[in-house]
Amino acid sequence: MLSRLLLLALSVAITSVTFVSGLGSSCSAPLGAGTAAAGDAFWLQGIKHQGKSAFNANPNSYQVFRNVKDFGARGDGVTDDTAAINAAITSGGRCGGGGCESSTVTPAIVYFPKGTYLVSAPIIPYYYTQLIGDARSPPTLLAAASFSGMAVIDADPYIPGGGGAQYYTNQNNFFRSVRNFVIDVRRVPATNSQGTGIHWQVAQATSLMNIVFQMSTAANTAHQGIWMENGSGGFMGDMVFNGGKFGIWVGNQQFTVRNITINNANTAVFSIWNWGWTFQGININNCQVGFDLSTGGTTQATQTVGAEAIIDAVVVNTPIFVRSSTPSNGRLSGSLVINNAKLTNVPTAVGVVGGAVVLAGGTTTIASWGQGNVYTGTNPTGRFTQGSISAANKPSVLLDSSGKIFGKTHPQYANYAVSQFVSVKDNGAVGDGNTDDTAALKAIFAKFAGCKIIFFDAGTYVVTSTITIPAGTQIVGEAWSVIAGRGSAFQDFNNPQVVVKVGDTNSQGIVEITDIIFSTIGPAAGAIVVEWNVKQPSGQNGGAGMWDSHIRLGGSAGTKLETAQCPSSGAGGTTNCFAAFLALHLTPASTAYLEGTWVWLADHDLDGNGSSQISLYSGRGILSESAGPVWMIGTAAEHHVLYQYSLVNAKNHFMGLIQTESPYFQPNPVAPAPFIINSSFKDPTFSGTATSAWGLRVVTSTDIIVFGAGHYSFFTNYGQACLTGSTCQSQIVSIDSTSSVHVYSLSTVGVTFQLSVGQNGIINQSNNPDGFASTVTSWSQT
């Protein structure tokens with residue numbers, strides 16, 4: 001099993017097109033399998049790099065793609081490559097070093113060809129950096145025996161002598177990714193905690209993937225794979241951890257983890273605090289403890305682990321699966337949900353430090369078990385439970401062949417040759433943030449869809465009317481290439497128009513979108529940013545999907561929706577500060593696999609000083625009318641006026657973890673202002689105490705599984721006094737009485753009623769204190 005798992009982690013999903021609804025005019029046959037020769041490097045190394053940062057002060061000279069060997073790295077396992085690697089990262093006046101909060105105008109891919117890169121101090125990825133290794137032969141980052149520093153990769157360094165200050169504000173440490181590496185710290189003395197793979201204190205739009213961590217297996221090892229003490233994430237997945245005191249040691253508001261394997265660690269996962277984490281598909285082999293949870297802190301001042309949700313776990317030869325630091329003593333003291341956990345030779349399934357056994361283990365399967373407060377229907381009184389909880393129906397269309405929730409690795413096309421890609425810049429698109437690229441992009445899709453992977457060189461591609469990404473298309477961005485809607489077509493909220501259609505209505509075929517940002521240039525009150533119509537091919541789960549791709553509205557250079565136009569005072573008005581009508585619409589016949597997708601209306605300006613708040617207006621976040629299957633893995637939607645997630649007539653959805661924030665200016669004005677209700681888009685109505693955006697709204701929907709949710713309301717008209725009594729917002733989650741929905745591990749902040757039925761508040765947060773947040777372990781209709 002181990003060799004198969006290692007092979008999985010060291011490989012990248014290979015996509016072979018078997019069905020498309022139509023081929024481009026240049027195509028004689030579908031794309032098919034990759035044609036890279038055995039000795040070829042990863043296509044990303046060989047493809048022409050001509051991308052530009054459209055709004056950089058010097059776009060023609062600024063370098064987006066950097067190969068570390070061009071900066072002197074040897075990759076021979078002998079030469080110390082630390083300085084060369086960090087030079088590749090920092091070159092070009094980039095955002096880092098403690099003097100820059102954030103920036104979107106200095107993006108970089110820092111690429112590592114195959115080899116072994118010896119490092120003696122941390123690699124420090126600056127803001128908006130993707131560290132990418134050769135996916136065909138992942139390079140090794142080898143920590144020297146003399147390694148000194150917090151971790152081999154340090155995403156948010158502490159400033160020496162800074163009194164705890166760091167390069168970036170942890171909750172705003174967005175837009176970064178690390179993929180395709182082996183990180184080996186075994187030369188570092190076993191007892192030295194500097195044998196840490198990654199310090200990953202990050203926020204949204206971040207990812208770790210396809211990484212193997214090699215650590216000491218000595219009994220007294222202090223090594224750890226990932227160390228994370230704060231932040232507001234985030235997604236990570238497809239990783240293997242071998243050895244160490246801790247596979248991962250984590251504390252962060254919320255995170256989604258999918259498909260990780262931890263072998264021979266003392267503790268697989270140690271969690272110091274959170275509001276809610278979801279683990280999907282975790283494999284634990286030959287560890288002493290699977291999950292070690294710090295619990296017992298039910299106030300803000302004593303915050304520990306608020307909510308842990310684990311689904312589809314396989315645990316082998318591990319004495320304890322889950323262990324809490326303190327007993328719950330008959331009350332909520334850290335929520336725990338376990339669903340479909342297969343244990344083999346695991347004597348204690350759930351226990352407490354000191355030896356108490358809450359749930360006996362053995363060789364068995366835990367179907368659906370919870371520890372915390374459980375609610376049903378319209379009953380406002382929950383019951384504390386340590387035992388079986390209501391199990392959601394799992395439609396077969398959501399599952400893989402083994403009966404687990406389906407998951408799919410971010411496609412990287414490792415087996416494809418450079419000749420199987422086509423550059424949009426080579427075919428007439430400009431991407432300078434000003435030129436209208438509508439005609440060029442339409443022509444490129446018409447010519448190459450279905451037989452070439454379409455490479456969006458780094459840049460901002462402006463479109464002034466609807467473009468369609470046809471079924472059968474695979475597109476790849478470079479350091480988050482941007483497609484931005486601009487102009488009169490997108491300015492009338494009484495006549496909304498789509499910026500990007502993903503598939504024509506009722507189309508079917510492969511669509512894969514990776515490393516792309518969809519956006520608008522204001523004002524854009526009538527912009528439906530992405531309309532998702534495509535349905536996956538029959539028998540190909542995840543065949544229509546989006547990975548590490550985001551919808552970002554305002555708050556960045558070139559959007560004309562920044563501090564100068566739309567300050568938080570409201571002095572910019574509304575007309576010029578409309579960012580969108582609707583961010584993402586999943587239409588009834590569509591299917592979608594969304595992983596690590598952040599649908600963000602900016603609350604602050606990422607450029608400028610990186611912290612000034614702004615008042616922007618986007619009507620709606622994610623509207624799903626899809627009959628499914630739909631997977632939303634590690635997704636978030638924030639600051640839209642009417643709702644963040646709305647499911648109407650939807651079916652067969654798995655959502656975990658989902659995260660939302662309400663607009664900071666509400667209830668001034670009261671929702672839906674400055675928009676109006678549009679029944680064509682199944683808008684909710686607002687009355688009584690419902691004056692702010694819904695985090696999640698579900699109407700006439702079937703088989704909806706929410707496995708981890710964080711819904712937050714931090715402000716009332718930019719003031720935060722409301723947090724003390726959780727009165728920033730009255731209601732935030734509404735489910736009608738006819739929908740079949742299971743909600744697990746629901747955490748809210750600043751909200752009086754955590755869950756409503758038919759917009760009538762049912763579950764009062766005062767009954768579920770769990771640190772800074774309040775937590776409902778489980779809710780179902782019956």
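Start your tour by selecting Thr635, which is in contact (heavy atoms within 4.5 Å) with Leu594, Thr597, Tyr645, Leu657, Ile658 and Gln659, leaving aside its neighbours within four places in sequence. The model on your screen is predicted, so local features need pLDDT of at least 70 and side-chain atom pairs count only at pLDDT 80 or more, while totals for chains, interfaces and linings use all residues. Residues are numbered from 1 along each chain as its sequence is written, and side-chain values use heavy atoms, with hydrogens and water left out.

Colour strand β36 (residues 630-638) and you will find Thr635 in it. Helices (H or I, at least four residues) and strands (E, at least two) are DSSP runs, numbered from the N terminus. Is Thr635 buried or exposed? Thr635 counts as buried because its relative accessibility is 3%; buried means under 20% relative accessible area, exposed over 50%, and partly exposed in between (1.4 Å probe, protein chains only).

Next, pick helix α3, residues 82-90. Show the side chains of Thr82, Ala84, Ile85, Asn86, Ala88 and Ile89, which are buried. Their cover includes β1 (65-67), β2 (76-80), β3 (108-112), β4 (116-119) and β5 (129-133). Step past the end of α3 to Gly92, which has a positive phi, near 100°.

While you are here, click on Ser120, in the loop between β4 and β5. Ser120 counts as partly exposed because its relative accessibility is 21%. Setting aside neighbours within four places in sequence, Ser120 touches Thr82 as well as Asp80, Ala144, Ser146, Phe147 and Ser148.

Now jump to helix α4, residues 438-448. Here Thr438, Ala440, Leu441, Ile444, Phe445 and Phe448 are buried. Which strands do they pack against? Select β21 (421-423), β22 (432-436), β23 (453-456), β24 (460-463), β25 (467-469) and β26 (473-486) to see them. Just after α4 comes Gly450, with a positive phi of about 95°.

For the last stop, centre the view on Gln171, Asn172, Glu661, Tyr664 and Phe714, the lining residues nearest the centre of the second largest pocket. A pocket is an open set of points on a 1 Å grid over the protein atoms alone, with protein on both sides within 12 Å along at least five of seven lines; lining residues have an atom within 4 Å of a point. This pocket is lined by 20 residues and has a volume of about 380 Å³.

How values were computed. On a 1 Å grid over the protein atoms alone, a cavity is a set of points where a 1.4 Å probe fits but cannot get out, and a pocket is an open set with protein on both sides within 12 Å along at least five of seven lines; lining residues have an atom within 4 Å of a point. Grid points are joined across faces, edges and corners, and a volume is the space filled by probe spheres set on the points.
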